[in-house]
Amino acid sequence: MKPLLLLSVIGIALNLLPNSLEGCTGITFTAKDGSRVVARTIEWGGSDLNSRYVIVPRGHRQQSYTPDGINGMPFSARYGYVGISVEQKEFIAEGLNEAGLSAGLFYFPHYGRYEEYDPAGQATSISDLQLVSWILGSCRTVEEVKEAVRKVRIIGIVPEASTVHWRFADPSGRQVVLEIINGKPIFYENRLGVLTNSPGFEWQMTNLHNYVNLIPGMASAQLLDTVRLSSFGNGSGFLGLPGDITPPSRFVRAAFYQATAPRQESGLKTVLQCFQILNNFDIPIGIEYSPGTTPIDIPSATQWTSATDITHGVIYFRTMHDSAIRSIDLKRIDFARTRYRAVPLDKVKQQPVVPLDIE
């Protein structure tokens, strides 16, 4: 690897240090017509991630980064796919392939630990930030993902950087979470369909039991000795729902918002509902910074939000710079003929404002 490029990649990875400001929130829905939709946010308060949408044709060849350079596992795309990258076009954080497999990367600081990089095993070593790319180009189903992961070593480019975990979902509705714990890949069946960050997925699911008292709507009036206590308004059944932005609190909120949302008729209506729900997880840039520190000059720590209609093969997204929802329909792409390209999510990093003509 050229020295300047190596320094650039190390810089990107060091931006993902465990004490940095990162987060992600994922939810899942099935519409009445059977359409399956996964949606998520990506939070990063340390810099503009310069995200791009990336179109990858069948046969496109890549090679994994390692701590030594671009000398890890070579791989080519059996299936075409579309993804959204962070920092560098090779680092896909969310995507969908033409077979209907969805894959996403979520930050997982402090709790994961990858296998140590061994130069002797570089031919089967894949970097954590490129696992989504490799999986989308190689697999059709969750079962194939599990088989593929057993054959490789998942490594970090820089040992000090944050670890990540992953969500994979296929058209059948099956969804799994992959975490690397003490160097070993562990898959969890994710029937709930919610994912955030640390601690691990099992702990997050156990923690939900602390909120068994929550109910949608209004809590019933109660007598406290001789005093009658009644709700101030609707929604009191959710009193006690955590409102902070930590991953455990976001997991709980996402689970209850998802569970109580009305089921929509179609995939498109479900996608639009996902964006509305994920509005609740937008993180203002200032809230992540300690008193006396100056937030960086970006509009939001929630840099983009995406929703993927797995059934119909469409990825939707909006960004911190432009809240208009945009879409990419994979069925309109000929992955045997299209060219590889990576395009910034925003042509202009400024929220458009449309003036109304009032007579």
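## A walk from a buried helix across its sheet

Start by selecting Leu131, Val132, Ser133, Trp134, Ile135, Leu136 and Gly137, the buried residues of helix H2. Here buried means under 20% relative accessible area, exposed means over 50%, and partly exposed lies in between (1.4 Å probe, protein chains only). Because 7 of the 8 residues of H2 are buried, the helix is largely enclosed by the rest of the structure. Helices (H or I, at least four residues) and strands (E, at least two) are DSSP runs, numbered from the N terminus.

A quick note before moving on: this is a predicted model, in which local features need pLDDT of at least 70 and side-chain atom pairs count only at pLDDT 80 or more, while totals for chains, interfaces and linings use all residues. Residues are numbered from 1 along each chain as its sequence is written, and side-chain values use heavy atoms, with hydrogens and water left out.

**Next stop: the sheet**

Now colour the open sheet of 8 strands, whose order is E13-E12-E11-E8-E7-E6-E3-E19 with antiparallel pairing. Two strands pair if DSSP finds at least two bridges between them. At the edges, pairing on one side only, are strand E13 (184-189) and strand E19 (341-344). Neighbouring strands are turned by 30° against each other on average, direction ignored. Such angles run from 0 to 180 degrees between N-to-C directions, with axes fitted as lines to C-alpha atoms, for helices over the stretch in contact.

Select residues 52-56 and 81-86 to see strands E3 and E6, an antiparallel pair with 4 bridges. Val54 stands opposite Gly83 in E6.

Bring H2 (residues 131-138) back into view: this helix packs on the sheet and touches E6, E7 (88-97), E8 (102-107), E11 (164-169) and E12 (175-181). Contact means heavy atoms within 4.5 Å. The direction of H2 makes about 40° with that of E7. Helix H3 (residues 142-149) also packs on the sheet, touching E11, E12 and E13, and its direction makes about 165° with that of E13.

**Zoom in on E11**

How many of the residues of E11 are buried? The count is 6 of 6. Val164, Trp166 and Phe168 lie on one side, His165, Arg167 and Ala169 on the other, and both faces are covered.

Across from Trp166 in E11 stands Leu105, and E8 is joined to E11 by 6 bridges in the antiparallel sense. Trp166 also stands opposite Leu178 in E12. E11 and E12 share 4 bridges and form a hairpin with 5 residues between them, where Gly173 in the turn has a positive phi of about 100°.

**A side step to H3**

Pick Glu143, which lies in helix H3. Glu143 counts as partly exposed because its relative accessibility is 34%.

**Last stop: a cavity**

The structure holds 2 cavities of 30 Å³ or more. A cavity is a set of points, on a 1 Å grid over the protein atoms alone, where a 1.4 Å probe fits but cannot get out; lining residues have an atom within 4 Å of a point.

To find the second largest cavity, select its lining: His60, Gln62, Phe75, Ser76, Ala77, Tyr81, Ser133, Trp134, Gly137 and Ser138. Which element gives the most to this lining? H2 does, with 4 residues.

Notes. On a 1 Å grid over the protein atoms alone, a cavity is a set of points where a 1.4 Å probe fits but cannot get out, and a pocket is an open set with protein on both sides within 12 Å along at least five of seven lines; lining residues have an atom within 4 Å of a point. Grid points are joined across faces, edges and corners, and a volume is the space filled by probe spheres set on the points.
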